[in-house]
Amino acid sequence: SVKAKHIEVSGQVQGTGFRPYVFGLAQQYGLSGTVRNTTSGVCIHVEGPEFFIRSFLSELPETPPPLARIEKVLVEDASLEREKGFSIKTSGIASGLGTLVSPDTAPCEKCMEELLDPTNRRYGYPFINCTHCGPRFTIIHELPYDRPGTSMRDFPLCGPCRSEYENPRDRRFHAQPIACEKCGPGVFLLDAHGKTIPVADPISEAGNLLAAGKVLAIKGLGGFHLAVDARNSRAVSELRRRKNRPRKPLAVMVEDIARAESLARINGHLQKTLLDRRRPIVLLEKNSGFPLSPEIAPGLSRVGVMLPYTPLHHLIMNHVPGGALVMTSANKPGEPIIKDNDEAISGMTGIADAFLVNDRDIVARCDDSVLMPREGGEMAVRLGRGFAPLVLEVPLKGPAVLALGGQQKNSVCLLAGGRAHLSQHVGDLDSPAAVKAFEHTIRHLCRLHGVRPEVVAHDLHPDYAGTRYAKSLPGVTTLAVQHHLAHILSCLAENKHHGPVVGLAFDGAGWGPDQAIWGGEVLVCRWGSPDFIRAAHLSYLAQPGGDAAAREPWRMAVSHLFNAFGPDFKHLELDLLHDLEPEKTAFLTRMIEKKVHCPQTSSMGRLFDAVAALCGLSRFSTFEGQAAMELEALADRDSHAGYPVSWDPGSLPEIPVAPIIQGVAEDLLEKSPPSVVAARFQATIAELFSGVCGFVAEKHGIEHVALSGGVFQNRQLTHLMIRNLSRIGLKVLTHSKVPPNDGGLCLGQAVAAAST
Ligand code: ZN
Ligand code: ZN
Ligand code: FE
């Protein structure tokens, strides 16, 4: 008997070749009907013999195309429409939050073959793609995902491309971004002033410039990179000088896995991660004989490595003799990654020697994603190209929530319909350009999902850009969420654990309701509430100069010494005190004594800074977390016991910090090597806090501990913490998909607001 069914499929089904897949399947079973994209996914109407419809329905979720991810299939009876044959309909409009935007994807094998095949009409064409690969999120203005909704709408298809696009048997059937030399975008080489350099092959000429040590700005998928030959230390140093980026590690793009293996230790799992079609930057442990410039990641044990992720990158790599390029985001200091050609030329004057641009517009700015290996997998450090928007099931009901994240490493989150959508990394919101990008990201995310938020969550800090933005919105309920609570809730949300838990939040800085700078916190909390108990925290001490202390770790060293030894600390025979000008030390001491511009802090990040400075590491910090990363790199790998630091449950919530610094200073005075001191310090923190967690957990009858905050990017500390907590029978929740740093805050804020 002939029947008709109406089928709704939600998930990552647009821009993945899902409609052609449905088409093929319907043909196979001789069914008639239609398939179309909607803003809530894909909707299918089929008609035919009941038996064949049943086969069609059972096969549908079994063999979807590689990029597709089906979340839900809803089937209903429908009335017969007597369709002739099966067809793909142009998009209809529906509303909802069901569609997931598919990620930008590295060229597939077939496209790579064609790219390198001299007989193919797309031979050497840097924008080759198909249904299974190519740009997606970064070119989409709005859903449903169809060519007119992308920045490819400016490129009408030529005859041959059109017939591929329209042929259901072609692997480019309905591939929205397809193009060729004749009808699609092109690449152009521009000189330092933005004037076109007339060359036959801009890509090979770009390769020549790189080989000659020049700094090249290259337009990628989500923005511009600055590139130099990674073997050429002079070029790398010159890039650092021009970009005013003295120490912060630079990422490297290498030709292939073999080249990556020459740089860093890569096991089978990491190989798979590097080859993931979303092509993240992976922070890998450097080989002892690191063959590239030492200027790439000075003083660090890890280097960020990625493989080429566009056909253009593959083509450039063929022209770079060493097969390795430094690739760092092109941006002005404190501003987001540059995405437009004009912006690049004006913004990179004096920095880039030449520009390799193209005329396909980038819609959504997107930095490269960064992952860090950890036990049993990896942990996200930055969500960007390929990984954002990150979608997580969060079974909370209530009105749609927009959460605005923090001030540093900002990202935003939309929570509605039981799902959280985390945006790409926006960056630090300290410049007007960054705030503009932040607002654009919010609008893009809300438009893509057709959601109008009713509740807006933001950080408790009164001066954050997010707080100001929330206050400016008419007709919404706003909710301020404490920074460290948001950290812990982000970890709970990603682990689908509603609490209550003991949350260990270790980071640089977050505003406390007592106006102190928090950062070494033990909280008791659960999701769906902005309330929490501050069960314990590092005892307060002065942070002389406020933010300046975060950039100058020696200030925190002096403050901690003063706190631990009193004014006589000056007489300690510590290398750091010898190296510091006595006037500086005296000046800082007076500030602390008189409490001038000395906010109180319980920050774990600042404690790491102090210990790093005492161990002879950077007295100046040029990027957030530098001291903690360098301290980890320095720390001896053998296992060491911590300093005997006692704490008294009666003194809670205060955990005295002075004994930790006394242990470190006395060890240094006894001439222990700084590497051993660093290891003992990390062990001390892990022992001390697992003891406190055990006490708090027992008091509140809790079995789980959640670890969050940027300090947990320190792998050794995380490892020790997990080991110690497990030993006392506690279960530990950690991050993997969501960054532990401020990039994950928005998720935690959303989860705190969801119940209100
Ligand atoms: Zn392809
Ligand atoms: Zn064409
Ligand atoms: Fe934080």
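## Basis

The model is predicted, with local features needing pLDDT of at least 70, side-chain atom pairs counting only at pLDDT 80 or more, and totals for chains, interfaces and linings using all residues. Residues are numbered from 1 along each chain as its sequence is written, chains are lettered from A and ligands numbered from 1 in the order in which they are written, and side-chain values use heavy atoms, with hydrogens and water left out.

Most residues other than glycine have a negative phi, and most peptide bonds are trans.

Pro389 sits in the loop that runs between β15 (377-382) and β16 (390-393). Here helices (H or I, at least four residues) and strands (E, at least two) are DSSP runs, numbered from the N terminus.

A cis bond also joins Gly499 to Pro500, with omega near 5 degrees. Pro500 belongs to the loop between α13 (483-494) and β22 (501-511).

## Positive phi angles

With a relative accessible area of 25%, Lys409 is partly exposed; buried means under 20%, exposed over 50%, and partly exposed in between (1.4 Å probe, protein chains only).

For Lys595, also not a glycine, phi is positive and near 55 degrees. Lys595 is in the loop between α17 (582-594) and β26 (600-601). Its relative accessibility is 66%, so Lys595 counts as exposed.
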